[in-house]
Amino acid sequence: MITKKESAKYDSAVAETDPPDPLVTVFDYHERTKHHFHRFANALDALDWASQPCPFRCYQGAPEILLPLPGQDTTPNYEPFFAGQPAALQPLNRSTISAFFYYSLALSAWKSCFGNRWSLRVNPSSGNLHPTECYLIADTIPELSEQPGIYHYFPLRHQLECRASLEQSNWRAITSGLCYDGQLPKGSFLVALTSIHWRESWKYGERAFRYCQHDCGHALAAVRIAAGLMGWQLTLIEGISDSDLARLVGIDRNDDFPSRQEREAPDLLAVVTPGNSELRVRWAPNQIALSDVANGRWQGKANLLSKSHHSWPWIDKVALACYKPETIDLLEGCSQLSDLSYAKIPLEKSNPRVNINAGKIIRQRRSALDMDGETRISKATFYQILSRTLPEQNPRLFAATTWPACVHLGLFVHRVDGVSPGLYLLLRDLAKVEQLQSLMSMDFIWQKPLDCPENLPLYCLHSADTQEVAKILSCHQSIASGGVFSCAMLAEFEQPLRQLGPWCYRRLFWEAGMIGQMLYLEAEAKGIRATGIGCFFDDPVHQLFGLKDRTYQSLYHFTMGGPVEDMRLETLAAYSAAR
């Protein structure tokens, strides 16, 4: 761990040079926040429990709209849903908006142990700290509102807080330019995500900016999937600038936030439309209308999350460097997708969980605390889990974004029947196979495993027992070695940032988070459990794969297997009947 003296010396050196290029700042931040065998990224020596942030943001004084808790689970079956079977189209009303949040960002349970009590959510978060906040921007909604408005979702009580009411003319002006093909369909609405960096930095120090982006990716996947359950389509609006997003949801209003450290950073804006038609969306709002909204009457003040704060200047530096400008055209992505047509990989017929509702799988998602080191899965199950991470195999999730796959999976296979233990690579963009073969170790064999489906680009690099190396590389955590497999998410790094801009740094982590969310759900659907791993030794991972520069970087680790349950924990209902 970097000492405070060393940190001050490094900050002083950076301040003297103060590189004006935001890309240099992003590269410097990424290098600075790597974990190494001889030291960890800069963080406090011990947690300051007195300043632990409240996990729930609310806007005190804003009108509250309690959402009804869904009754019987009527969501489609999980496996057919992700195989592409469309869900029945639901009308937009108070009940369906409630279900949208209930299956994406709501509380899923409370845990209790030795008198302590804490909540779990549908969307995972590093350290269960939940930096991600969500806003709804919508026209009139039957049984909920008689005029357009901007709302903050408050998961503690499963309710909306009305931050601002809009005129019909403002709603039409803001949304009229979103669709190349004309007006948005009736029943459409907008969803915005933001991050409170302080929530993560309280525990993880400078590396926390990375984890906030992971969590944003998990949340993006969660809202995309929940929209699909309603028969709706969620699409990311790529062109919007961070400044426009901050104005739209009111997080640039200094007087509404009690502390600079607790301010929210804009992340993304998405449009939700009825039906399964893919829209070509853009950001071309009426700026006068946007100014009218920003200068209108806002309601509520953000609650104070901590009584004291520790400043992390490098998080502020990288957040500023990653600030996104408005982009005119649709994001063309970091590389070209392969033109190959992919047939779906069939589900293992013996799977007894094939008929479980998607809603049940989503709400039972948990992070494994430890792995049993014994559970095994079949190769058919293994191949299907991996197939769900491929954009071509799973447009249900990955069609939310327009950029081609930049993240590939380096796999440590431990306990898969019919697949030899070893180091593997799953290519999520076949166009990159020759590049990766030239960059990685010359000793790798690049062989397809036995009976691997032709349309699954999985390669064995080296056959060996990888349990110990997986454990060591994931900060000596046995959870990486005790499962059926673990993975390192290797992202195309330098070229996307140079091509698109430093703001693409955040999106690479979002993509990793989206993959992680899918792996979480696949684990639950296949009768095992998963856990995201943010602590790993960055450059030793690169060295293992033979990667020598910034062309590829490992951004996230993940593990799946048979969980070891902590029997001391008591599980309580997410929401009481009284609320």
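The following dialogue considers how several terms apply to this predicted model.

Visitor: What makes strand S7 (residues 159-165) mostly covered?

Guide: Six of the seven residues of S7 are buried. Buried means under 20% relative accessible area, so strand S7 is described as mostly covered.

Visitor: Why are S2 and S7 said to pair, and in which sense?

Guide: Strand S2 (residues 64-66) and S7 are joined over three bridges, in the antiparallel sense. Pairing requires at least two bridges between two strands, and therefore S2 and S7 count as paired. Within this pairing, Ile65 has Leu160 of S7 as its bridge partner.

Visitor: How do you know that S6 and S7 pair?

Guide: Six bridges link strand S6 (residues 149-154) with S7, again in the antiparallel sense. The requirement is at least two, so S6 and S7 also qualify as a pair. His152 stands opposite Glu161 of S7.

Visitor: What do S6 and S7 form, and how many residues are between them?

Guide: They form a hairpin, with four residues between the two strands. In the turn, His158 has a positive phi of about 50°.

Visitor: What is the order of the strands in the open sheet, and which are called edge strands?

Guide: The open sheet has seven strands in the order S2-S7-S6-S5-S8-S10-S9, and its pairing is antiparallel. S2 and strand S9 (232-236) are the edge strands, since each pairs on one side only. From one strand to the next, the twist averages 30°. Strands of a sheet pair through backbone hydrogen bonds.

Visitor: How many cavities of 30 Å³ or more does the structure hold, and how much space lies in the largest cavity?

Guide: Three cavities of 30 Å³ or more are present, and the largest holds about 90 Å³ of space. A cavity is a set of points where a 1.4 Å probe fits but cannot get out.

Visitor: Which residues line the largest cavity, and how do they divide by type?

Guide: The lining consists of Leu105, Arg121, Asn123, His130, Thr132, Glu133, Cys134, Tyr153 and Pro155. These residues divide into four nonpolar, three polar and two charged. Arg and Glu count as charged, so Arg121 and Glu133 belong to the charged group. Strand S5 (residues 132-138) supplies the largest share of this lining, three residues.

Note on methods: Residues are numbered from 1 along each chain as its sequence is written. This is a predicted model: local features need pLDDT of at least 70, side-chain atom pairs count only at pLDDT 80 or more; totals for chains, interfaces and linings use all residues. Side-chain values use heavy atoms; hydrogens and water are left out. On a 1 Å grid over the protein atoms alone, a cavity is a set of points where a 1.4 Å probe fits but cannot get out, and a pocket is an open set with protein on both sides within 12 Å along at least five of seven lines; lining residues have an atom within 4 Å of a point. Grid points are joined across faces, edges and corners, and a volume is the space filled by probe spheres set on the points. Buried means under 20% relative accessible area, exposed over 50%, partly exposed in between (1.4 Å probe, protein chains only). Axes are lines fitted to C-alpha atoms, for helices over the stretch in contact, and angles run from 0 to 180 degrees between N-to-C directions.
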